[in-house]
Structure formats: C-alpha cells, structure tokens
Amino acid sequence: MSLVKDQQSSGLELKEGLENSAFEGDSQPEQSSRRGQEQEQEQAVSMEDCPAGEESFTQIRPYAGMPKEVLLLYSSKARYRLPREILFWLTVVCTLVLVAVTITVIVLSPPCLSWWQTSPVYQVYPRSFKDSDADGVGDLRGIKEKLSHFQYLNIKAVWISPFYKSPMKDFGYDVEDFRAVDPLFGTMEDFDDLLASMHSMGIKLIMDYIPNHTSDKHVWFQLSRNRTDYYSDFYIWVNCTEGHPPNNWVSVFGNSTWTYDPERGQCYFHQFLKEQPDLNFRNPNVIGEMTDIIHFWLKKGADGFRMDAVKHMLEATHLRNEPQVDPMKPPETVNTEFDLYHDYTYTQVGLHDILRGWRVVLDEYSREPGRYRFMVTESYDYKEIEKTMMYYGTPFIKEADIPFNFYLLDLPDGLSGVRAKELVELWMSNMPTGKWPNWVVGNHDKPRMSSRTGQEYVRAINMLLLTLPGTPTTYYGEEIGMENVNVSVTQDPFGKFDPNSSRDPSRTPMQWNGNLNAGFSDSQNGTWLDIGPNYKTINVEVQQSDTFSVLELYRTLSLLREKDIVLLRGWLCYVWEDTNVFAFLRELDGLDRAFLVLLNFGEDIETDLSTITELPDQLNVRISTLPDTPSSFQKSRIRTSKGQGLLLEYFTSQRFHTGHSSQCYVSEKACYLSALDILYKC
C-alpha cells in the first residue's frame, strides 16, 4: 500500500500492493526501471502541488494498520489534537490540586492523639493484682494471666508499680538494683514475656521510675559510705554527730531526714525512710548513671515512665533550717512533713533541667512510628498548683506529657456539685494553654474513694473521670468499687509510724471472684494483706453479669470515650453547679451532636436547665448509672437520685462555648467537616 499523486484530480490516493525495487527479479529490468521512474515522479509530488485553500489529505480515512506517516498526519488534526492536549493538562491540574489538597489537609489537621491520650491509664500494684505461684503475693506472671481484663475494659495503657530488686522496706520503692526484677515478682524473663504479651495485645507498659533515692543495700551506697572515689559523693553526706542532725529538716515518713552512719562518720540525707538514702543530683555522674537506667528499660521495650517523687530530687546546699508552719511550736516537737514550709527541700532550682534532659532521651526512642515514649511526673504540691504546672514544660521546652493531677482526691472533703466543679476548674484554669489534662481519683498512697464517699457515689465518680477531657487514671479495683480493708497486721512503714496514715487498707488483694482468697491466690496460708470481707459481692466475676454494675458502667464509658470524637477532643463547658449537682457540656465545632453530663453528688433533686438556651428542650439518655431511668428528659425537669450520673445526648447546631468563653476549655481547638468526615484546625 502506497500513497500516490493523482495527476488528473490533483489529489492523493492509496494504491494497493508493494512497490519496492528491492523485491523485483533480475528478469524484468525494463519493468523495474519503469517502476523506479514512476516512484521518483510520485516522490516528487509535494504539498505545493495541491490547489490553494484546499485541506491536505482530505481523501484519507483512518483504517486499521495504517502506516506511521498516515497516523501522524491524521492525528495532527485539530479535532484530535485538542482533546489530547486538554486531557493532558487536565491530568496535570488534577494532580496539582490533589497534592495541594493533601498538603492543606496535613497542615490544617490537628495532631493525632497518642496512645496515652486515647486510653485510660490503669495502675497495677503488683503485690496485690494476681498471685501465680500461691505464695500470697502478686507477681508478673499473675499480671500476664489477667491481661484479658484490660482488654475487657478497653484499657491500652498499664502502669505497673515497682518490681525492681528490693529489700522491701517500702515495698519496692527502696531499690537495690534498678536493672533486676525482685525474685518475689519473678525473673527478667518473666518481664520480657509479660511485655511481649502486652504489646501483642496492643497494650502499652508504663514503668515506675524512682530517681530520688535508692535502698541502703544498693551497691552505690555501700561504695559511697566507704568513700570509694567515684561513688564518694553519690549521696548527700554532711558532718554531724550521732543524735545531733545538722538542721530541722523532716522526712515524709516523720522525724529527721538525717541519719548518722558510723562507718563513714557522717550523716546522710533521706527524705523518706532511713533505708532510702537520697541520691546527690548535683553530681553529674549520678545523673549519668540514672540516665543509663532509663536507656536500659527503653531498650527492653518499656513505653514510658512514671517519675516518682520528683520534687524531692534536689535540696539547697546551704542546709538552713526550714521555717515552721507554727512558729510557736517547740522545735523539738517538729516531726512531721506538714510542720514545716519546705523551701529548701522541695522543687529546687535545677530540677526541671534534669527532667527535660530525660525527656530528650525519651524523644530519641520515640522516633519509631507508633512507639511514642510517655513521661508523667508525680508531685504532690497541694495548694501550690503553679509548681505542678511547671512539669508541663514551656512553649519552647518539652518536659512531662502530663504531671499527675491529684486534686480530685480531695473530692470527698465536702462532697457536692460545687466542690466537684471547683476541683475541675482548679486544674483547667491553671493548666498552660494547649496542654492535655488528666484526672486521678485514687492510688496506692491514698484511701479508696469508695470508702471515703460511700458506694452510692462510685458510679458518678467514674462517669466524671471518663467524660472529662484528658487522660483518666484508674487504680486497680476502682472499676469494681473496691473498698478499704481493716488489715489485721500493719505492713506499711508509714502506718507503723502513724497508724492513722497507713496505706495498707487501699492495697489489699484484687477481688476477682467469690472463690478462695477472692481468686487472687491459691495460697492456703493466707495473703500478704487481708482479703476484703465483701469479696463475695464486690468482685469482677459477679459484676460482669450485671448491666448496671460499677464494672459494666466503667467498660461502657471506656468504650464510648475512645470512639466518640466529642469526648476525646471536644470543648468542656460548665453549665450548672449547686449543692447537689455538677453539670457540664462536651461539644465540638462543626458537629451537630453534643453531650450533657449531669452528676448528682448530693441528694435526690430535680434540676432546671431551661435558662441554657443553647440546649434543646429534649435530651436523650445515652447512659445512666442507675436502672429504670427514662429514655429522655425535658431540660427543665431533669430528675436524678443520690449518686446518679447521666450522659445525655442532644442535637443542635448552636454552640455554647461561642457565647461563654470564660466557662469553657479545650486543649487544642478543632472543627469537624461533615462533608469529608475529617477534623481541621479552626
């Protein structure tokens, strides 16, 4: 097939057959010569031979198998070239738009919440959680046996109190070896096995880190007391004589902070028991050694640390007497922590520099996706809340993710709706802008909330804990309403100094079921502390079958908190407080759904919220702590019983926080875009 010029029509036509002299035989020279001449004439035809104004190649039609020359001429026509160019540039524009939208979404999206923000933190006191070897004391294997309990409660972050090798003068808070597991709790292999099992279930492990002091059995102290060069000033030694301390400083457990050591001939400093000498953090080698311990456990796979008693880590070097709270009190009778203003022994200059250095170490290990390393500090600062807030760091320097908020522990003191609001507001109004709140209603140092308020308020307190913004922390047993137990034998060293301050009643074994030792241990010789007498009715097994039990309410709220964006990221707005009731809203910009949380900390009452114009008249009951609750309420007539909590859901486009900024808080403002089902900064 070839393209030839038709001399008569001044056009072009397609001629069938191959005309190539290379395929002609030698026996036809004349024919070959004639055809060659014809081909030369045909090749001489040009576009100039076509009449002016006539479109080229008008007689050509596309067909299968057309040669390249035809295809190129045909495809260059405007009606085919233009669509092709339009499609090309449309693809380029769409790609650029997609890239721009992706960048915009990334820039405008609020940061993803980390694991320690989306899950409650559950504190395990290992001596009392589960005993696997029938010796009457809980252990690491016992914790592993009960990992399913955390899954049931939707708990994904577990803090385990100390299990280091220890003489157990203060039940693990006197550490003899920071790199070893005490045989009472198991072995390092047991720890590795526990950690691997937790991670396989998506559960993070927070370890207790005790920087302030060691046990007097620690090798560092033994080397320091005999003045071995490197370790000589690992602890705080001063000249004194036996029975005559250098100043009036008093320990947390009572009596002088100074103990004379005859081997060294000096006094050493201890803010807790005399068997817990304080480390000297003004010695850079001490900081280095303690930092190496952090590296050790992070390399093992620990997901974070609770930094114990951090405000005690530094002391003034001048050793002056601290001022007495009551100047008229005879100095010789000053023997408790609360008799002095601790101007020289608590929260000294340089403390936060040390903690920020450790924060840097944790951040180094947080670079792996999904392996953020968490840091929480423990510091009871009582009325000096501004000192607690300093552990958040500054806008330029990161420190703790959260400092523990212990102020809700005071809720039973004058329990009421007003009291609850005051304690929540105390934290929220002092917390630095953009930081993440947290809430604690019990731990191993304080009496159980259920015994201080009464069982009737436990459900409402757990609802408060799990519906406030921020991270809730739950002490083992609070999810079933465990109570204090009057133990027969005092084990706590603090309790031996002051029986009224014993911590044993809140540390008794976990009540799993109604069997021997409440399912905690198979020991025939008893347990390390007495089992609660009510273990037949207050235990995990019984409550799992009761829809309105403390346990099932906790589980329901925990599941809802994780999946509901309003509870995780929404505004907190106070709308009501009185002697009986505390009520607040949780709402999110862009979402027409919100919650009203109403908690009764007093007596049976009917609450009228008709003055809150942003609330619709009808409020639907999402969760109630008590059975036989109506499915909805009129906002002018919300009736609650003593200790009842209500989570009420409503739908409205009105936002309360826009007109009541002084009553509302949010850690980081975000808005919901329903069209794309995404959050964005607003």
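What is the order of the strands in the open sheet of three strands? Before I answer, let me say that this is a predicted model, in which local features need pLDDT of at least 70 and side-chain atom pairs count only at pLDDT 80 or more, while totals for chains, interfaces and linings use all residues. Residues are numbered from 1 along each chain as its sequence is written, and side-chain values use heavy atoms, with hydrogens and water left out.

The order is β8-β10-β9, and the pairing is antiparallel. Helices (H or I, at least four residues) and strands (E, at least two) are DSSP runs, numbered from the N terminus, and two strands pair if DSSP finds at least two bridges between them. The edges of this sheet are β8 (237–238) and β9, each of which pairs on one side only. Strand β9, residues 258–261, is joined by four bridges to strand β10, residues 266–269, and within this pair Y260 stands opposite C267 of β10. The β9 and β10 hairpin has four residues between its strands, and there G265 takes a positive phi near 80 degrees.

Let me turn to the helices. Two packed helices are described by the angle between their axes and the distance between the axes. Axes here are lines fitted to C-alpha atoms, for helices over the stretch in contact, with angles running from 0 to 180 degrees between N-to-C directions.

Helix α10 (residues 284–300) packs with helix α11 (residues 351–364) at an angle of about 30 degrees, and their axes are 11 Å apart. These two are therefore roughly parallel to each other, a term that covers angles under 35 degrees. On the α10 side the contact (heavy atoms within 4.5 Å) includes I287, M290 and H295, and on the α11 side the residues include W358 and E364. By class, this contact has eight nonpolar, two polar and one charged residues.

Methods: Angles under 35 degrees count as roughly parallel, over 145 as roughly antiparallel, 65 to 115 as roughly perpendicular and the rest as oblique. Ala, Val, Leu, Ile, Met, Phe, Trp, Tyr, Cys and Pro count as nonpolar, Asp, Glu, Lys and Arg as charged, and the others, Gly among them, as polar.
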